Amino acid sequence: MRRAQLDIQLKTQEQIELMRAAGLVVAAALQAMREAVAPGVSTADLDAIAEQVIRDAGAIPSFKGYHGFPASICASVNEQVVHGIPSADQVLKEGDLISLDCGAVLNGWHGDSAITVGVGETDPALLKMAQVAEDAMWAGIAAAARGCANGRGRLTDISFNVEKATRAAGRYGIVEGYGGHGIGTEMHQDPHVLNHGKPGKGPRLVPGLCLAIEPMITMGSPRTLELSDGWTVVTRDGSMAAHVEHTMALLDDGVWVTTAPDGGLARLGDLVTARQPQPDSIN
């Protein structure tokens, strides 16, 4: 099924279950990288770990070769916001902040997720920023679930609630131009999901809609620039940045966060669909 105008692909329950399988592969890769992050580890090391987990699961890294991207993950350190290219020369040091963005395709369906973690002893202010980004992401996902349930939700309700949660937490820059996206048989689909804006606009939030929600915030200005490698996006003022992401699917009885091991239960409670397997049955 496809909606007119934006070419939004709506998924069936069976297709969402396939996306869940891909999402769990991504979750496993991110957890393996989280455990490996330490001073002295290179971003190329982390890339190799993620690719091994993905391929061992019978999946393929979504990022590798995507428009020529050379790696299986994006590894963005400190002032790098998104799309950092892993390198053996980029060795993590105590106090760094790293965003790890990972995607996998399994049986033709995609999962996409990102975390931001500190390296060793990290400035609490930076860890707070990463937590603010994560809380804002969950606020956006919760808004989507409520809007789908009441039949009045619009796409920018997500954007509004991401921005509202971020603004309420402190003076952070919300990166403009970059944001979330539809996802399914392609990694990037319509619609684009901004992390700021007024509510009540855009396509309706309906069952079958699958989106990647990904706040990107900074300790300073929200302005960014792209480096000469054609990929890495950094803050213009050199301030530190955080980026987090989850893939979610809307159903008529709730939301399913397909890249969260528990489907989103811990953060969303009863907003999560009853049709997902219970946590104790998830491998």
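Me: Is Asp101 buried or exposed in this model?
Reply: This is a predicted model, in which local features need pLDDT of at least 70 and side-chain atom pairs count only at pLDDT 80 or more, while totals for chains, interfaces and linings use all residues. Residues are numbered from 1 along each chain as its sequence is written, and side-chain values use heavy atoms, with hydrogens and water left out. Buried means under 20% relative accessible area, exposed over 50%, and partly exposed in between, with a 1.4 Å probe and protein chains only. Because its relative accessibility is 7%, Asp101 counts as buried.

Me: Which residues does the UniProt annotation "binding site" cover?
Reply: UniProt positions are given in the numbering used here, feature names are shortened, and annotations may be inferred rather than shown by experiment. The annotation comes from an unreviewed entry, and the residues that it covers are Asp101, Asp112 and Glu245.

Me: What is the largest C-alpha distance within this set?
Reply: The residues are spread over 145 residues of sequence, and yet they cluster in space. Contact means heavy atoms within 4.5 Å, and Asp101 touches both Asp112 and Glu245. The largest C-alpha distance in the set is 7.8 Å.

Methods
Lists of a residue's contacts leave out its neighbours within four places in sequence.
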